[in-house]
Amino acid sequence: MVGARSGADTNDVLSEDEQLGVVLVKTGIITIEQLGEALKASKERGQNLARVLIEDHLLTEEQFVATLAGQLGLEFVDLAAYPVDPAAARLVSESLARRYLAMPIGWWEGKLLVAMADPSNVFAIDDIRTLTGADVRQVVVTADALQAAIGKYHRKDTEAEHVSAEASASSASLDDDPLNRIKEVREDAPIVRLVNLLISQAISDRASDIHVEPTGKDVRIRYRIDGVLHDVMRSPRNIQNGIVSRLKVMADINIAERRIPQDGRITSVIEGRSVDLRVATLPTVNGEKVVMRILDNSSANLRLSELGFLPANMVRYEVSYSKPYGTVLVTGPTGSGKTTTLYATLNLLNEATKNVITVEDPVEYQLDGINQIQVNNKAGLTFALALRTILRADPDIILIGEIRDRETASIAVEAALTGHLVLSTIHTNDASTTPNRLIEMGVEPFLVGSALDCVVAQRLARRLCERCKEAYAPEEGALVALGWEGGDLPEQLYRPVGCHVCGKTGFIGRFAVHEVLTVNEEIERMIVEHAHAEDIRKAAIADGMLTLRQAGLMGVAAGLTSVEEVLRVIA
């Protein structure tokens, strides 16, 4: 590789570092002054020029590899944006591709186009030529991009289909004795491998949920990625019981009970990584459906500043959760990130001087230094009983997984009025309807007005792919209809296109959109008087609250997402 000194450092012959430096200066990547300083640092550190420039953030890996390719007369390819041919990629096995850091990516004038991190590796070229029987043309890529591409294009999908067919053949040979079938399922290697493949591929695809759904003809596997379900695979109908039974065994669920919903939890090691999954079964007319929620432990350690709060919303929210007592509620539909927001808040509030206790059903993530209680209705440990108990355990901060009935709501309000900070979630459409929801549950209006301090309504919107998003000039009339005021109309917005990086969806990842209602004296009076939610909403807007729609449109104006995506998640 270019960058190591050749030893031919004379007045007549430039060293390899100096040759590289000349090219970098000519292409404008660095200045002559920066080159001089980097060459000096290279001698002092005992490192080659490229490594010094990369460590000092004067050169990226991509720029270095592209420069190297130019010196060798080869083409540099950005694999993240290149339309890789999956069939070509699979001409070489994953193990061989990783050993040589080389992978076929397509065809060019009858030659096999091979992406390589080290194009000087003649052994790799010879082996690939022999294996495929095709002439090879090398292109240069970064090692990191190649590793990611190998993982992406040597997906488990094809293997899963083969294992599914193998499991189907095995299932067809079983007799009709349910006990023999259960025993066979537990020992059946194809079913075990198939389930492991489905879970590992879901994690690779950044899925939040896995759906195993029996239909009249087959079994449909779907992943929820960035809030949207995608079909992944359809398997023969006769392996449905095998998959469900295997998952029940892993989740410690009653394998013989198929008439009622059940739930459990799986803790497993997939490809060297510890994974937690929350499993729920649901009887349907076609058999049992299984939904697995993948619990990403990194979500429990997120900082509040990483959740996408607009500066104005962050200030309003920070004032509320910093108080020693009161109730802070986060509301939104299932899967909108409510628990993540509360955990990020607890991470800020968790100090050695505070006694923090949570009551959850179930405990999704375990937090250091916090006392977490798992509700167990079968044993009689309900939300209400757990709350009454922890009030006698000298808490400073209480987190309630969800306020879902009158008893829980009443105890939460009473706890806030007796000097505790209470954090919880509740299901309402927006922030302004939350006070009335508590009143409808049976809590007295004057108690709600006194105890409630802040309501955060939250939605998750998909983030536009930075590589393929397309700019366009919006129509003024359409913007005004959406809620933009005349003087603040943006001249340019972005919309999704779809590329290989984002899987043709136009989106990668999500960000949160918030509406933060703080209860001031006027809103407290309106709650006590049982005012209509719309009147509370108008008073909150007059007090400076940004609505969900306004916050979403600010994300659109900033180029984070599209108008259609905001309208999809926000009414």
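I call a residue buried under 20% relative accessible area, exposed over 50%, and partly exposed in between (1.4 Å probe, protein chains only). The model is predicted, so I kept to its limits: local features need pLDDT of at least 70, side-chain atom pairs count only at pLDDT 80 or more, and totals for chains, interfaces and linings use all residues. Residues are numbered from 1 along each chain as its sequence is written, and side-chain values use heavy atoms, with hydrogens and water left out.

Entry 1, the count. I took a salt bridge as a side-chain nitrogen of Lys or Arg within 4 Å of a carboxyl oxygen of Asp or Glu. That rule gave me 25 salt bridges.

Asp453 belongs to strand β15 (residues 452-464) and Lys323 to the loop between α13 (311-321) and β10 (326-331), so the pair ties together parts 130 residues apart in sequence. Helices (H or I, at least four residues) and strands (E, at least two) are DSSP runs, numbered from the N terminus. I noted Asp453 as buried at 11% and Lys323 as partly exposed at 34%.

Entry 3, Arg568 and Glu565. I read 2.7 Å between the closest N and O atoms of this salt bridge. The two are three residues apart in helix α23 (residues 563-569), so about one helical turn separates them. Arg568 is partly exposed at 42%, whereas Glu565 is buried at 1%.

I logged Arg388 as partly exposed, with a relative accessible area of 36%.
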